[in-house]
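These are my notebook entries on one protein chain. I wrote down what I looked up, in the order in which I looked.

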Amino acid sequence: MSEEASAPDAIKPPGLLELALTFNKIAIASFGGGLSAWSREVVVVERKWMTEEEFLSALTICRILPGANQVNLAVFVGVKFHGILGAIAATIGLTFVPVLIVLGMGWFYFTYSKVPAMKSILHGMTAAAVAMTLSMAFKTGRKCLGSPVAIGLFLAIFVLSAILRFPLWASLAICGPIALWWGWPRARAKEAA
């Protein structure tokens, strides 16, 4: 993957077909996992349709809302450029080909699931998905964990959700008010500057 994104100030809005093809590329490239990482790579780094901060905000909103995170993100990006039609184009691009592939793979898996090589293939795909997710966490973490408070909030959410196994809503109920208290004045000061 290439590195670092810049602000998408002068980027021409994509057409509906480009939206659909781009999200199809994301879906196909992330076969086996790492969809968030590929979304960031394509939307932020390659196409520059969003800044890193916009992407992280969108991804956070999409994770809080019900439904599949990446479908929510496709809707979010589609709406940004073309409203409901953009959302439909991005969602079809993200899901159509993978649905066909999953149908075929489902048939293949249930036909050959007793073959030992199948388990080895799935373990390899899982390792690749974990590596992609850690890669995205590292790249985005460098951008948004720039202060002791941000690092503290990160660690608090990690402990609550990964170690203590709190549900997401409970972790957000605990840390969300603190994040708002800390982040809101900073965002307003940044806008005023």
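Entry 1, confidence. I began with pLDDT, which is the predictor's confidence in each residue, from 0 to 100. I noted that this is a predicted model, in which local features need pLDDT of at least 70 and side-chain atom pairs count only at pLDDT 80 or more, while totals for chains, interfaces and linings use all residues. Residues are numbered from 1 along each chain as its sequence is written, and side-chain values use heavy atoms, with hydrogens and water left out. Over residues 1-8 the value stays under 50, although the model has 24 contacts beyond four places in sequence for them (a contact means heavy atoms within 4.5 Å). I keep in mind that where pLDDT is low, the predicted coordinates should not be read in detail.

I looked up the helices and strands, which are DSSP runs (H or I, at least four residues, for helices; E, at least two, for strands) numbered from the N terminus. The chain has 7 helices and 0 strands.

I first needed the word buried, which means under 20% relative accessible area, with exposed being over 50% and partly exposed in between (1.4 Å probe, protein chains only). Of the 193 residues in the chain, 29% are buried. A nonpolar core is a set of buried Ala, Val, Leu, Ile, Met, Phe, Trp, Tyr and Cys residues joined through side-chain atoms within 4.5 Å. The largest one here has 22 residues, and those with the most contacts inside it are Phe23, Val43, Trp49, Phe55, Leu73 and Val77. The elements that give two or more residues to this core are H1 (16-29), H2 (35-46), H3 (52-64), H4 (69-112) and H5 (116-144), and H4 gives the most, with 6 residues. I followed Val77 and, leaving aside its neighbours within four places in sequence, found it in contact with Leu19, Phe23, Trp49 and Met50.

Entry 5, salt bridges. I counted 5 salt bridges in the structure, each being a side-chain nitrogen of Lys or Arg within 4 Å of a carboxyl oxygen of Asp or Glu. Arg40 meets Glu41 at 3.9 Å, N to O, and Arg40 also meets Glu52 at 2.9 Å. Because Glu52 lies in helix H3 and Arg40 in helix H2, this second pair ties together parts that are 12 residues apart in sequence. Arg40 is buried at 1%, and Glu41 is buried at 2%. Glu54 and Lys80 form a further bridge at 3.6 Å, which ties helix H3 to helix H4 across 26 residues of sequence. Glu54, at 35%, is partly exposed, and Lys80, at 38%, is partly exposed too. Salt bridges that share partners join Arg40, Glu41 and Glu52 into one network.
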